[in-house]
Amino acid sequence: MSTSSHAILLSRIADRTAHAGVIGLGYVGLPLAIAIARKGFTVTGFDIDPGKIVAIDAGRSYIEAVGDDVLSAERDAGRFSATVDFDGLAACDVIVICVPTPLTRHRDPDLTYIVKTCQEIALRLRPGQLVVLESTTYPGTTTDVVRPILAATGLDIGAEVFLGFSPEREDPGNRDFSTTSIPKIVAGDGDAAAQAMEAFYSAVVERVVPVSTTATAEAVKLTENIFRAVNIALVNELKTVFEAMGIDIWEVIDAAKTKPFGYMPFYPGPGLGGHCIPIDPFYLTWKSREYEMPTRFIELAGEINSAMPRHVVGRLAEALDMHLGKALSRSRVLIIGLAYKKNVPDIRESPSLKLIELIEERGGSASFHDPHVDEIPRTREYLSLKGRRSVPLSALSGFDAVLVATDHDNVDYALIAEQAPLVIDTRNVFARRGIAGGLIVKA
């Protein structure tokens, strides 16, 4: 049975008759599902949000990395469909899990989505299936959390059913790399699973990078994002030190990056956002406690980055007092950019949400302008902000200060410099564009 299950799976992958299921059709899952379909596989997407299914059925993509035309082409060709009915998992030869892995309020891993998804899979599990976790998590999740749920079905994991981990590496808004052109780390729980993982992903992406264990693959993803988090924390701390010395951190970085070796530029900002960098380091710090190994360096970086929104609001309050003689508690502030990074509509973990909260905690009024985000959706942490809408720049005269949190390209910065009484620039966007203004303060 074990030999035939494995051989049949590999054969179906090789001739593109394997049916793939992707669970979680967000920023990771939808691009992956379309990439798999475009390689000739039949793909079913699963999601608990019926709104996503309605959009897909209408040929309307809600993810920038997937165009409406590409989505419609795969749907019309019969290679891609989406549903909220998880019974369809039984027909899938390959099942890829792309669900969120947030943190609790105490910064502990929240694996609720992974556990519930695996329980749904277990109800339909059969011999000959490859189950892959792509959600970012701590080393050991695949074998310690996913495996026991699947093994409880009585099926032999590694002989009848195969388990693997392959970390997602999506970068929303990055036009230089796509799902298929980014090298894919893969690992299997055992040799048979590793062979199936290599076979499947080699059929989808340009380059596969196998590693020895699923825990290693999980650690790779964390290492990539901890590297960024620590270096961003470094420049954020340097920014506050250099501010006190009257030195422009942006000028320092521009000069330092001319060194052709031994230096890589990272840039400060109002805080970290996105689904990875603000979250992933804490997955490792949590797991390391099991081994009584402190992660002081990583935790310090997290503290520095988490403190940046409060630092920015402090600079805003100082600038309002110094330049306008006005308290923050009596001021109206327009935040430019709700998204966590430029030129995307992604607001996950966006520091702009925290900025709004902090400004209003101090008695001020905060609104936002974002050409990519019309309205604040429901979020886990900022329920009271749901439904607030983007304010047009034509309303600039009604604000005491403008705070640039995200430097989208399609914003009229010249108009802001001309009409805003005070500008707080956390992205150095005015200097980079050569736009001068009377009261532009870097923060």
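Guide: Leucine 10 is buried, with a relative accessibility of 19%. The cut-off explains the label, because buried means under 20%. Keep in mind that this is a predicted model. Leucine 10 belongs to helix 1, residues 2-14. Leaving aside residues up to four places away in sequence, leucine 10 touches Gln195, Ala196 and Ala199. Valine 70 lies 60 residues from leucine 10 along the chain, and 28 Å separates their C-alpha atoms.

Now to a helix pair. Two packed helices are described by the angle between their axes and the distance between the axes. Helix 8 (residues 214-245) packs on helix 11 (residues 296-324) at about 45 degrees, and their axes are 8 Å apart. The two helices are therefore oblique to each other. Their crossing is left-handed. Helix 8 contributes residues including Ile226, Ala229, Val230 and Glu243 to the contact. From helix 11 come Phe297, Ile298, Met308 and Arg315, among others. By type, the contact residues are ten nonpolar, four polar and four charged.

Five strands make an open sheet, paired in parallel, in the order 10-9-11-12-13. Strand 10 (365-369) and strand 13 (440-442) are the edges; each has a single partner strand, so one side of each lacks a neighbour in the sheet. On average, neighbouring strands are turned by 25 degrees against each other, direction ignored. Aspartate 425 has lysine 442 of strand 13 as its bridge partner.

Note on methods: Residues are numbered from 1 along each chain as its sequence is written. This is a predicted model: local features need pLDDT of at least 70, side-chain atom pairs count only at pLDDT 80 or more; totals for chains, interfaces and linings use all residues. Side-chain values use heavy atoms; hydrogens and water are left out. Two strands pair if DSSP finds at least two bridges between them. Helices (H or I, at least four residues) and strands (E, at least two) are DSSP runs, numbered from the N terminus. Axes are lines fitted to C-alpha atoms, for helices over the stretch in contact, and angles run from 0 to 180 degrees between N-to-C directions. Buried means under 20% relative accessible area, exposed over 50%, partly exposed in between (1.4 Å probe, protein chains only). Contact means heavy atoms within 4.5 Å. Angles under 35 degrees count as roughly parallel, over 145 as roughly antiparallel, 65 to 115 as roughly perpendicular and the rest as oblique. A crossing is left-handed if the near helix is turned anticlockwise from the far one by less than a right angle, and right-handed if clockwise. Ala, Val, Leu, Ile, Met, Phe, Trp, Tyr, Cys and Pro count as nonpolar, Asp, Glu, Lys and Arg as charged, and the others, Gly among them, as polar.
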